[in-house]
Amino acid sequence: MKKVLSFFLLLMLTLGLLAGCGSDSPESEKEPESTDESTGQTEAEESAFPLTVTDALDHDMTIDEKPERIVSLIPSNTEIAFALGLGEEIVGVSDHDNYPEAVEKKERVGGLELNVEVILSLEPDLVLAHASSAHNSEKALQQIRDAGIDVYVVHDAQQITEAYESVEQIGQVTGTQDKAEDIVSNMKEEFAALREKTKAISDDERKSVFFEVSPAPELFTAGKNTFFDDLLQVINADNAAKEQDGWVQMDPEAIVQLNPDVIITTYGDYEDDPAAQVLKRDGWKDMTAVEKEQVYDVPSDIVSRPGPRLAEGAKEIAKVVYPEIFDE
Amino acid sequence: MFIRKFLTNNHLLAYVLAFAFLLVSMLAAISVGSVSVPVSDIVKIIGAHVFRLSIAEQVDSMDMNIVSQIRLPRVLLAGLVGASLAIAGAAFQGLLRNPLADPYILGVSSGASVGAVVTLFFNISIPFLGLYTLPALSIAAALLTILFVLFFARRVDRTMRVETIILTGIVFSSFLGAFISLIIALTGDQLQQIMGWLLGSVSMRGWSHIGIIVPFFILGSLLLLLNTSELNAMSFGEERAQHLGVDVEKRKLVILVAGSILTGAAVAVSGAIGFVGLVIPHLTRRLWGPDHVHLLPLSILTGAGFLMLTDLVSRTIISPRILPIGVITALIGAPIFALILMKQRKS
């Protein structure tokens, strides 16, 4: 029982790992350089190597040629890599990976604890780590580096713009920069479309949304500086917990007082019928969201992973928050 | 003459102070929070409930809801859990003649925790029990654990000496603790729920959980309060107690089972909240003496008030965020205890 506190730390790390929400993200906000799409892609990619890069933890490395065997240590990296068309090159993924379906056939290399032996046995030429969990597994990563394998730590995105950078970073080190640009501009278009659609919502119609990322009795929510907050801004809605910073456990009394218009849970993948649970909570019945039964579950993966599916996540949120605009 | 008698009557004063502490803690805990309710309003609300008067015009309905549906049940639950752990601790310390004994020493809490953690991990839901699945399985696991501990202790040593019981308890505790660690290592999505549960909390249990703990609290406390003089006798050693005419083996069994029921029920509704069961009985003993006839009821009052106060701190100190209550019990309790210990040594 005394180890509980150290486990609590682990818990925080998992939250960070699952949601990609640690704290040390570089502040750089550089705009992607536009690339000429008419030039032969393969040649452009081939010529990009050897490539000297610095990762999110300031490790310098030179990647000699386009990686052909890649291990991804976090679901968001995997999703990005698959979107970049690297499904064949990916040889190992983390225990938490569940998208796309093809990951089921890939070797698992561990979750919180990396299984270095498995990783080395896969003989990768590139390991894609993530800043949110890298300090936790620094020793394991160093062992991999010592074995002569490039370990690239992708920065820990907290905002949509930073998620673009994650896509670009992975595109750069895997020699799929053009594809990365495509994905990013696609995402930008989708977000712009959402902004456009919700732009007309007046301040009176603007709804406040409370995110519940863990079930009762420990109600964790997402304050500012999280994807949830960012996605709400895109669709012109308010985060009910915007006074808070990051991921916090909220007093249920205080949530009742915030009186959000909509409650969105993100734990429907492991709890039965979260909406029903929220609706029948003691003392919550006078809240607008409960009274009008505006309680919905959105899959956490598409709203918390900094990857190509974020726009999809924003759309899911928009559908339940402003059904009158998005139901066609 | 009367006043002098009053002042020398140590125990009356003890009860008055303990009651006052409980009352003040309770009023403060109900009054303070994200919505502040003046004490006068609380009296009005309670009065209205008791005398069936209408109070609608005085108190805002949302505030009223927050207080009666969210805060009041958590305050009462904190009180019941604190009381259960404190009296169980007082009884175990007396019975086992060990100042380090607490309600968790026999592995009962680990047993209850395993029950709860397994429920969370496998997402078990028993059709008839629904939300009560967790407390039900957790109490069942607690009772099963104490039965196993007693069975093994008896197999090792027929007379079930105190040392044997403690040792068996520790062995079981470690084993079950390892089992919990194993589940934590294997879990993915439920990790946060399991951790939150292990750290202990009285948040969002509602009135239903009060209904769960009350019968066990009454049963366990009654059993212990009926055995206070036997506890006194046994604190001189089991042989002395035997000479004093106490049926040691039978009483020991009753006290162990009663303490386990209290602990199991408390852990089942609130998770493993440490420290209360260890320190409150010590504190009470230091203040008012080791006579179990008074120690047990006074521990109930003090334990209840203490946990209400710590819960108050846990939900107000960085409001609207919440801290785990187990962290606060230790942070507040340990320094207070150290202070009292030092004062006692000086005088």
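1. Domain bounds here come from an automatic or database domain assignment. For chain A that assignment gives domain 1 (31-185) and domain 2 (200-326). The C-alpha centres of these two domains of chain A lie 31 Å apart.

2. This is a predicted model, in which local features need pLDDT of at least 70 and side-chain atom pairs count only at pLDDT 80 or more, while totals for chains, interfaces and linings use all residues. Residues are numbered from 1 along each chain as its sequence is written, and chains are lettered from A and ligands numbered from 1 in the order in which they are written.

3. Between the domains of chain A, 15 residues of domain 1 are in contact with ten residues of domain 2 (contact: C-beta atoms, placed from the backbone, within 7 Å). On the domain 1 side, helix H3 (75-83) and helix H7 (160-173) of chain A each supply at least two residues (helices, H or I, of at least four residues and strands, E, of at least two are DSSP runs, numbered from the N terminus). That side of domain 1 of chain A has nine nonpolar, four polar and two charged residues (nonpolar: Ala, Val, Leu, Ile, Met, Phe, Trp, Tyr, Cys and Pro; charged: Asp, Glu, Lys and Arg; polar: the others, Gly among them).

4. Chain A places 28 residues in contact with 36 residues of chain B. Helix H1 (4-19), strand E11 (247-249) and helix H10 (252-258) of chain A each supply at least two residues of the chain A side; H1(A) gives the most, with six residues. The side of chain A that touches chain B divides into 15 nonpolar, six polar and seven charged residues.

5. In helix H9 (residues 227-234) of chain A, seven of the eight residues are buried (buried: 20 or more other C-beta atoms within 10 Å of the residue's own, C-beta atoms being placed from the backbone). Among them are Asp229(A) and Asp230(A). Asn236(A), which follows H9(A), has a positive phi, near 65°.

Note on methods. Two residues are in contact if their C-beta atoms, placed from the backbone, lie within 7 Å. A residue is buried if 20 or more other C-beta atoms lie within 10 Å of its own, exposed if 12 or fewer, and partly exposed in between; C-beta atoms are placed from the backbone.
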